[in-house]
Amino acid sequence: ISFVFGRKERRMSGEGEGGEGNGESESDSKRTIAIQLLSFGYRFGQPKDTVFNFNARKLKNPGKCSVGRTGLSARLRKEVLALPGAKELCAQIVERAKSELLLRKRLMSRQSGMEVEMKQEKVEVEGEKESESREKENAETQQVAENEHRNVVKIGVGCEIGRHRSVSLVVEAAKLLRGEGVVVLEPIHRDIEARKSSGSKNAHGKQRGGKGKFQAR
């Protein structure tokens, strides 16, 4: 049993059952919608494939605790969540995710009803069976691709470089959503290694920050 949107969703394995049981399982699978949270750094640009991006730059930098750590560290997450406004922002992320899920589910239900009506009309029309079979196969292949895309709602959370505040909020929000029974995919931390790969040196080859000091973002 899985819980989606706080409601029980029945799944039937179809093992040892007829085609009817398998049909219900496939339908339930297509209707399951998942959330995926993405952390990023505004310094490297906003993601284009999210339905909404939250700005965590308004939160104060976590300070010395961030040295050598990312938001994947439980200690740093505790520091970030203790910042003024952090828990409120995390709650906003959770609520937005749930509202986007509900909206997506309604849209999919409406589209599903339209598809059923179109299929019923096609049944009444008899044509060249081989051509129709090929068209149906192509349509089903395209539908699978569309379902894979529309069944995932992606929401972004950004801070300056995408290593501390945004990562901490994404990890915490994902945990809260899972606790409420929402299907949450593994979060994406797009820029968590960007500081290392892009180099922490300036155009003159000198270390940023001066005197070895690390400034959290």
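Student: Is D49 buried, exposed or partly exposed, and what is its relative accessible area?

Tutor: Good place to start! Keep in mind that this is a predicted model. D49 has a relative accessible area of 47%, so it falls in the partly exposed class, which lies between the cut-offs of 20% and 50%.

Student: Which residue does the side chain of D49 meet in a salt bridge?

Tutor: Its partner is K154, with 2.8 Å from N to O. To call such a pair, look for a Lys or Arg side-chain nitrogen within 4 Å of an Asp or Glu carboxyl oxygen. K154 itself is buried, at 15% relative accessibility.

Student: Where in the chain do K154 and D49 sit?

Tutor: They come from distant parts of the chain, 105 residues apart. K154 belongs to strand β5, while D49 is in the loop between β3 and β4.

Student: Then let's turn to the sheet. In what order do the strands run?

Tutor: Reading across the open sheet, the order is β4-β5-β3-β6, and these four strands pair in parallel. Next, look for the edges: β4 (52-55) and β6 (188-189) each have a single partner strand, so one side of each lacks a neighbour in the sheet.

Student: How many bridges join β4 to β5?

Tutor: Four bridges, in the parallel sense, with β5 covering residues 152-159. You can pick out N53, which stands opposite G156 in β5.

Student: And which helix packs on the sheet?

Tutor: That is helix α5, residues 165-179, which touches β3 (34-41), β5 and β6. The direction of α5 makes about 170° with that of β3.

Student: How far apart are the closest N and O atoms of E100 and R96?

Tutor: In that salt bridge the distance is 3.0 Å. Both residues are in helix α3 (residues 86-124), and because they are four residues apart, about one helical turn separates them. E100 is buried, with a relative accessible area of 13%, and R96 is partly exposed at 27%.

Conventions. Residues numbered from 1 in each chain as written. Predicted model: local features only at pLDDT ≥ 70, side-chain atom pairs only at ≥ 80, totals over all residues. Heavy atoms only, no water. Pairing = 2+ DSSP bridges. Helix = DSSP H or I, 4+ residues; strand = E, 2+ residues; numbered from the N terminus. Contact = heavy atoms within 4.5 Å. Axes fitted to C-alpha atoms, helices over the stretch in contact; angles between N-to-C directions. Buried < 20%, exposed > 50% of the residue type's maximum accessible area, 1.4 Å probe, protein only.
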